[in-house]
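Hello,

Here is the structure I promised to pass on to you.

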Amino acid sequence: MLPASLTRGSCPPPSINNNPPQPTPTLSPIAADQQHARSPQHHHQHSAAVVAMTVEVCVKAAVGHPDTLGDCPFAQRVLLTLEEKKEPYQTKLVDLSNKPDWFLEINPEGKVPVFNSGDGKWIADSDVITQIIEEKYPTPSLVTPPEYASVGSKIFSTFIAFLKSKDATDGTEKALVDELEALDAHLKAHGPYINGENVSAADLSLGPKLFHLQVALDHFKGWKIPETLTGVHAYTEALFSRESFVKTKPAKEHLIAGWAPKVNP
């Protein structure tokens, strides 16, 4: 049985719990561009208002690199949503092996992502957060039709089971391939994205998980998505090359470091 937190909307922390100082928030590329575009006078006059309304997202810091974006697919989903909406935000990097007091105060469960829309209220769970973002910033719409919302929803759990498996005959590889084949069939019938021509929320949820699948299985098992699944390959190439994805993805070495303790505990 997989821990629920591995397959739901948040990244689980390790058990270590120390209290380093609060990290400095990191401006998103969008927010940085907007700040640089302001004149010093304009920025000075409105800095208090800007700070008060800043969208903030607490995300995982890379293992062993507390000042670098880490490998949580659920946090990337939230950042992807904000990037696709072209909404400025700040990230707060959280070392999940050394959770600071300020973070535990806003989210006692100690999981990421945690989101603040600018009103000072912190909200956890990527499912909830992305729904709030969609309601608050409806343009462009990222809504996935209900009939397509569950496409690919079992891929992440089957990927984890196969990644952690030590028995080549336990059926975990076949279970994963079956799920990828179902995704491939859907994309060939309805693609290039899950909802057709335009990217939607389902893609922004599945994309980071497929990136983890691709990198981790290649590294730890030498396994690749079968070449026959041409729809899946075209899909990952399209998603992974989007500007929003390039800006928010973890470095491959940090993704591998994040999975290593789970693969070889």
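This is a predicted model: local features need pLDDT of at least 70, side-chain atom pairs count only at pLDDT 80 or more; totals for chains, interfaces and linings use all residues.

The top contributor to the lining is helix 4, with 3 residues. Sorted by class, the lining of this cavity holds 6 nonpolar, 3 polar and 2 charged residues. The space inside the largest cavity comes to about 50 Å³, and the count of cavities of 30 Å³ or more is 1.

Now to the open space. The largest pocket has a volume of about 570 Å³. Its lining is made up of 26 residues, and those nearest the centre of the pocket are Arg77, Ala149, Ala201, Ala202 and Ser205. At least two lining residues of the largest pocket come from each of helix 4, helix 6 (126-136), helix 7 (155-164) and helix 9 (201-221). By class, 9 residues of the pocket lining are nonpolar, 12 are polar and 5 are charged.

Glu134 is the one in helix 6. Is Glu134 buried or exposed? Its relative accessibility is 12%, so Glu134 counts as buried, the cut-off being under 20%. The side chain of Glu134 makes a polar contact of 2.9 Å with the side chain of Lys85. A polar atom of the Glu134 side chain also lies 3.2 Å from the backbone nitrogen of Leu142. Leaving aside residues up to four places away in sequence, Glu134 touches Lys85, Pro140, Ser141, Leu142 and Val143.

Ser157 belongs to helix 7. With a relative accessible area of 26%, Ser157 is partly exposed, because that value falls between the 20% and 50% limits. What lies 3.1 Å from a polar atom of the side chain of Ser157? The backbone oxygen of Lys154 does. From C-alpha to C-alpha, Ser157 is 9.9 Å from Ala175 in space, and the two are 18 residues apart in sequence.

That is what I have for now. Do write back once you have had a look around.

Best wishes

Methods:
Residues are numbered from 1 along each chain as its sequence is written. Side-chain values use heavy atoms; hydrogens and water are left out. On a 1 Å grid over the protein atoms alone, a cavity is a set of points where a 1.4 Å probe fits but cannot get out, and a pocket is an open set with protein on both sides within 12 Å along at least five of seven lines; lining residues have an atom within 4 Å of a point. Grid points are joined across faces, edges and corners, and a volume is the space filled by probe spheres set on the points. Helices (H or I, at least four residues) and strands (E, at least two) are DSSP runs, numbered from the N terminus. Ala, Val, Leu, Ile, Met, Phe, Trp, Tyr, Cys and Pro count as nonpolar, Asp, Glu, Lys and Arg as charged, and the others, Gly among them, as polar. Buried means under 20% relative accessible area, exposed over 50%, partly exposed in between (1.4 Å probe, protein chains only). A polar contact is a pair of N or O atoms within 3.5 Å; within protein, one must be able to donate a hydrogen and the other to accept it, and residues adjacent in sequence count only if both atoms are side-chain atoms. Contact means heavy atoms within 4.5 Å.
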